[in-house]
Amino acid sequence: MPSLSAEEDMYARAALACYAKALTTDDPDLVTNLLEAGAWFARLGNNGNN
(Lines give C-alpha, C1' and ligand atoms only; values in the text may rest on other atoms or scores of the structure.)
Protein backbone atom coordinates (compact mmCIF):
# COMPACT_ATOMS: atom_id res chain seq x y z
CA MET A 1 0.00 0.00 0.00
CA PRO A 2 1.53 3.35 -1.01
CA SER A 3 2.15 6.04 1.59
CA LEU A 4 -0.01 9.12 1.61
CA SER A 5 1.42 12.59 1.36
CA ALA A 6 0.70 14.93 4.27
CA GLU A 7 -2.01 16.65 2.24
CA GLU A 8 -3.65 13.37 1.21
CA ASP A 9 -3.52 12.16 4.81
CA MET A 10 -5.17 15.36 6.04
CA TYR A 11 -8.05 15.03 3.57
CA ALA A 12 -8.45 11.32 4.29
CA ARG A 13 -8.69 12.02 8.02
CA ALA A 14 -11.23 14.79 7.43
CA ALA A 15 -13.34 12.49 5.26
CA LEU A 16 -13.22 9.71 7.85
CA ALA A 17 -14.17 12.15 10.61
CA CYS A 18 -17.23 13.21 8.61
CA TYR A 19 -18.25 9.60 7.96
CA ALA A 20 -17.75 8.66 11.61
CA LYS A 21 -19.86 11.60 12.81
CA ALA A 22 -22.57 10.68 10.29
CA LEU A 23 -22.84 7.24 11.94
CA THR A 24 -23.48 8.77 15.36
CA THR A 25 -26.20 11.31 14.59
CA ASP A 26 -29.95 10.88 14.30
CA ASP A 27 -30.56 14.03 12.25
CA PRO A 28 -31.13 12.94 8.62
CA ASP A 29 -30.18 16.33 7.22
CA LEU A 30 -26.94 16.38 9.18
CA VAL A 31 -26.16 12.82 8.04
CA THR A 32 -26.62 13.90 4.42
CA ASN A 33 -24.44 16.97 4.90
CA LEU A 34 -21.70 14.98 6.62
CA LEU A 35 -21.67 12.31 3.92
CA GLU A 36 -21.45 14.96 1.23
CA ALA A 37 -18.66 16.75 3.10
CA GLY A 38 -16.80 13.46 3.52
CA ALA A 39 -17.06 12.77 -0.20
CA TRP A 40 -15.81 16.29 -0.94
CA PHE A 41 -12.76 15.81 1.29
CA ALA A 42 -12.11 12.40 -0.27
CA ARG A 43 -12.14 13.95 -3.75
CA LEU A 44 -9.76 16.69 -2.62
CA GLY A 45 -7.37 14.08 -1.29
CA ASN A 46 -7.42 12.02 -4.48
CA ASN A 47 -4.67 13.55 -6.57
CA GLY A 48 -5.10 11.15 -9.48
CA ASN A 49 -2.04 9.06 -8.66
CA ASN A 50 -4.00 6.34 -6.88
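Phe41 comes out as partly exposed, since its relative accessibility is 23%; buried would be under 20% relative accessible area and exposed over 50%, with partly exposed in between (1.4 Å probe, protein chains only). This is a predicted model, where local features need pLDDT of at least 70, side-chain atom pairs count only at pLDDT 80 or more, and totals for chains, interfaces and linings use all residues. Residues are numbered from 1 along each chain as its sequence is written, and side-chain values use heavy atoms, leaving out hydrogens and water.

| Residue | Relative accessibility | Class |
|---|---|---|
| Phe41 | 23% | partly exposed |
| Trp40 | 46% | partly exposed |
| Asp26 | 79% | exposed |

Asp26 sits in the loop between α1 and α2, and its C-alpha is 31 Å from that of Glu7, 19 residues away in sequence.

Now the rings. Phe41 pairs edge-to-face with Trp40, at 5.1 Å centre to centre and 65° between the planes. Rings of Phe, Tyr and Trp (its six-membered ring) pair if their centres lie within 6.5 Å, and planes under 30 degrees apart count as stacked, over 60 as edge-to-face and the rest as tilted.

As for the helices, α1 (residues 6-23) and α2 (residues 28-45) pack at about 165°, axes 8 Å apart. They are therefore roughly antiparallel, a label for angles over 145 degrees. Contact (heavy atoms within 4.5 Å) involves residues including Tyr11 and Cys18 of α1 and Leu34 and Phe41 of α2.

Terms used. Axes fitted to C-alpha atoms, helices over the stretch in contact; angles between N-to-C directions. Helix = DSSP H or I, 4+ residues; strand = E, 2+ residues; numbered from the N terminus. Parallel < 35°, antiparallel > 145°, perpendicular 65-115°, else oblique.
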